[in-house]
Amino acid sequence: MSNLQSVDLSELALDYDAKRRMESQDFEKLLGYMLHYGKVGGDALEIGCGPGYYLAPLAQRLPKTRFYGVDITDAMLASAKDKMHQQALTNCSVAKGDAHYLPFVDHAFNFVLMSQVLHYFENLPMVIAEVYRVTKAEARVLVVTSSHLQLKSQLDIALFPGLAKRDTARIPSIEEIRYLFENDGFAVVAAVEFAPTFRFPSIEALVERTALKPWSSYQLFSPEEFTRRLRIFKGKLHKKFGDGEIAYLFPQTLLFFQKVHHS
Ligand SMILES: C[S@@+](CC[C@H](N)C(=O)[O-])C[C@H]1O[C@@H](n2cnc3c(N)ncnc32)[C@H](O)[C@@H]1O
């Protein structure tokens with residue numbers, strides 16, 4: 001089954017922050033890792049910034065750093081602009097652009113973030129070459145992704161029939177990501193496992209959130225197949241948890257690279 005063509009990014013933009021929201025202590029921990037290992041400062045870019053879920057809080061915390069976001073989807077950019085306006089952020093701006101042809105001059109950035117986005121790119125080596133072009137010497141690059149093992153252990157993916165298979169087919173493995181970056185002038189400086197807790201007051205609440213298709217791979221099922229599989233998912237949840245609160249870990253990997261010279 002093809003993947004990019006079947007994904008409607010405007011649909012993914014709807015209620016994006018609510019679908020992805022982390023508990024505040026987990027979010028703070030993640031920002032802490034970003035700031036520490038990413039050495040965020042100077043000029044920073046997020047590629048595929050979506051609605052600015054990370055960009056806006058980073059800009060809040062680091063008022064002297066200039067943040068730029070680039071994204072290909074109008075609905076995502078509109079909600080990022082809204083957020084920046086509401087929070088009166090003056091050190092943050094977003095623009096429409098394709099990661100394969102970044103609309104920035106050479107050697108512009110000290111830090112680049114790419115979170116949950118690599119699987120959208122048709123030509124990942126081309127995007128990495130663009131990241132190399134737009135970064136300064138010794139710039140840090142952070143890739144936020146899930147390893148294939150982590151994907152299979154995430155409860156909402158593991159229990160939804162066929163989802164883990166689609167996700168592992170789409171999302172590049174950690175080994176592949178490392179190989180591609182290391183072949184294009186970057187070295188790994190840290191690999192951090194980060195596992196926020198997702199909590200739902202009841203099975204119904206998790207099923208309701210899942211019905212909003214929080215991950216784009218859900219869109220790869222036809223509407224009828226999605227409804228059928230959602231019913232099976234609900235049944236599996238009841239079997240596993242009975243009634244009551246659900247809490248599960250959502251492990252991800254933060255891969256921090258530093259730009260080095262080509263050998
Ligand atoms: C799953 S969202 C991730 C958003 C954000 N990075 C986050 O972690 O919350 C993926 C984003 O990548 C954007 N995207 C997909 N293909 C792109 C491309 N070729 N160039 C720029 N952005 C792209 C989508 O529009 C979407 O906003």
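## Around the ligand

Ala, Val, Leu, Ile, Met, Phe, Trp, Tyr, Cys and Pro count here as nonpolar, Asp, Glu, Lys and Arg as charged, and the others, Gly among them, as polar. With that in hand, let's look at the ligand's shell in this predicted model. The shell divides into 10 nonpolar, six polar and three charged residues.

Which of the 19 residues around the ligand come nearest? They are Gly48, Gly50, Thr73, Ser115 and Tyr120.

The largest nonpolar core holds 47 residues, and the members that touch the most others are Leu45, Leu55, Val112, Val141 and Val143. Take Leu45 as a way in: beyond its neighbours within four places in sequence, Leu45 is in contact with Tyr68, Val70, Phe109, Val112 and Val134. Another core, of 14 residues, lies apart from the largest one and includes Leu159, Ile171, Leu206 and Tyr218.

Helix α3 runs over residues 24–38, 15 residues in total. From first C-alpha to last, α3 reaches 20 Å, close to the 21 Å expected at 1.5 Å a residue.

Where on α3 do the buried residues sit? Leu30, Met34 and Gly38 are the buried ones, and because they cover an arc of only 40° around the axis, they fall on the same side of α3. Ser24, Gln25, Glu28, Gly32 and His36, on the other side, are exposed. The cover over the buried residues of α3 includes the strands β4 (109–115), β5 (135–145), β6 (186–194) and β9 (252–259).

Notes: Residues are numbered from 1 along each chain as its sequence is written. This is a predicted model: local features need pLDDT of at least 70, side-chain atom pairs count only at pLDDT 80 or more; totals for chains, interfaces and linings use all residues. A nonpolar core is a set of buried Ala, Val, Leu, Ile, Met, Phe, Trp, Tyr and Cys residues joined through C-beta atoms within 7 Å. A residue is buried if 20 or more other C-beta atoms lie within 10 Å of its own, exposed if 12 or fewer, and partly exposed in between; C-beta atoms are placed from the backbone. Two residues are in contact if their C-beta atoms, placed from the backbone, lie within 7 Å. A residue is near a molecule or strand if its C-beta atom, placed from the backbone, lies within 6 Å of it. Helices (H or I, at least four residues) and strands (E, at least two) are DSSP runs, numbered from the N terminus. The expected span of a helix is 1.5 Å times one less than its number of residues. The arc is that of the directions from the helix axis to the C-beta atoms.
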